[in-house]
Amino acid sequence: MTVVDNLADRDGYIWMNGELIDWRDAKVHVLTHTFHYGVGVFEGVRAYKTPRGTEVFRLTDHTARLFNSAKILRLEMPYTADEINQAHIDVLRANSLEEGYLRPMAFLGSEGMGLRAEGLSVNVMVAAWPWPSYMAPEAVEQGIRMQTSSYTRHHVNITMCKAKANGNYINSVLALREAIDAGVDEAMLLDNEGYVAEGTGENIFLITKGELHTPELTSCLAGITRDTVMTMAREMGMPIRERRITRDEVYIADEVFLTGTAAEVLPVRQVDGRVIGNGGRGPITETLQSGYFDHVRGNTAEHPEWHSAV
């Protein structure tokens, strides 16, 4: 996985509570409520250089999910969706980024402590920085290795799985560390009934006999890259099935790949020591991956609503 340099010590600007401030001044108090209890929401967004200039991919959809997550966690957003969208644009411009990863987050302030979470301010920030590749560049073609995690994906009535909430990612961090310690690249999390849910930060797809299969949206997050790939597949006439998937079905799939804003479309070549398909990127995965890159990089005129110009 690509590691960026010290995020606390950089030149540039971060949008915070309505204004652009110096990167190094974007700080919060150690008694910030979200820091202690994890009640916050965030997004991962990407901007790409296109023939038309820099564009943010599916910005309005990301912001809509941010607001939905805030509503689920009972955070009253102090800004409109249009203001948050503009903050993304402003941050990219202020940091002179042609491409970049953006991180908006809404979090509770330091006005009080305790589980009541009463009388607390809702703060919002948007940062952006270069992040060219989530995994090693060769993984885009060769694929990655996964293992089934000993950690279970959150159940729908344990945490609010439709919210992209800060605290929800504790088990993702634990699962990924476990996978890396085992010498593989990523973890596959199962739900509380033992069915395949997702990766630590990605949705998962199987291709079997020319059909696209993916877990139904119970415990897994409604990924925006997931939706993009499924839209592309429908337009290609590919059958899509959203259903419960068992781990042994993953082993015998013709192709497996992951999707996510950071991971983009990432082939999987091995799961739990079983080689998937031909042991590399399969042909349908390659087609969907290529089509996805065409979309995010503005090399197709289809779906102009997915692009926000910077």
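**Exercise 1: the largest cavity**

Task: which residues line the largest cavity, and how do they divide by class?

Solution. Step 1: the residues lining the largest cavity are Asp191, Tyr195, Val196, Ala197, Pro215, Glu216, Thr218, Ser219, Cys220, Arg243, Arg244 and Ile245. The model is predicted, so local features need pLDDT of at least 70 and side-chain atom pairs count only at pLDDT 80 or more, while totals for chains, interfaces and linings use all residues. Residues are numbered from 1 along each chain as its sequence is written, and side-chain values use heavy atoms, with hydrogens and water left out.

Step 1: On a 1 Å grid over the protein atoms alone, a cavity is a set of points where a 1.4 Å probe fits but cannot get out; a pocket is an open set with protein on both sides within 12 Å along at least five of seven lines; lining residues have an atom within 4 Å of a point. Grid points are joined across faces, edges and corners, and a volume is the space filled by probe spheres set on the points.

Step 2: sort by class. Ala, Val, Leu, Ile, Met, Phe, Trp, Tyr, Cys and Pro count as nonpolar, Asp, Glu, Lys and Arg as charged, and the others, Gly among them, as polar. The lining of the largest cavity then has 6 nonpolar, 2 polar and 4 charged residues.

Step 3: give the volume. The largest cavity holds about 60 Å³, and a search of the whole structure finds 2 cavities of 30 Å³ or more.

**Exercise 2: helix pairs**

Task: classify the packing of α2 with α3 and of α6 with α8.

Solution. Step 1: axes are lines fitted to C-alpha atoms, for helices over the stretch in contact, and angles run from 0 to 180 degrees between N-to-C directions.

Step 1: the axes of α2 and α3 (residues 81-94) come within 10 Å and cross at roughly 125°. Therefore α2 is oblique to α3, given that angles under 35 degrees count as roughly parallel, over 145 as roughly antiparallel, 65 to 115 as roughly perpendicular and the rest as oblique.

Step 2: α6 and α8 (residues 283-296) pack at about 110°, with axes 10 Å apart. This makes α6 roughly perpendicular to α8.

Step 3: assign the hand. A crossing is left-handed if the near helix is turned anticlockwise from the far one by less than a right angle, and right-handed if clockwise. The α2 and α3 crossing is right-handed, and the crossing of α6 and α8 is right-handed.

**Exercise 3: positive phi**

Task: where do asparagine 17 and arginine 58 lie, and is each buried, partly exposed or exposed?

Solution. Step 1: most residues other than glycine have a negative phi. Asparagine 17 has a positive phi near 50°, and arginine 58 a positive phi of about 55°.

Step 1: asparagine 17 sits in the loop between β1 (13-16) and β2 (19-22). Arginine 58 is in the loop between β5 (53-57) and α2 (59-72).

Step 2: buried means under 20% relative accessible area, exposed over 50%, partly exposed in between (1.4 Å probe, protein chains only). At 32%, asparagine 17 is partly exposed; at 7%, arginine 58 is buried.

Notes:
Helices (H or I, at least four residues) and strands (E, at least two) are DSSP runs, numbered from the N terminus.
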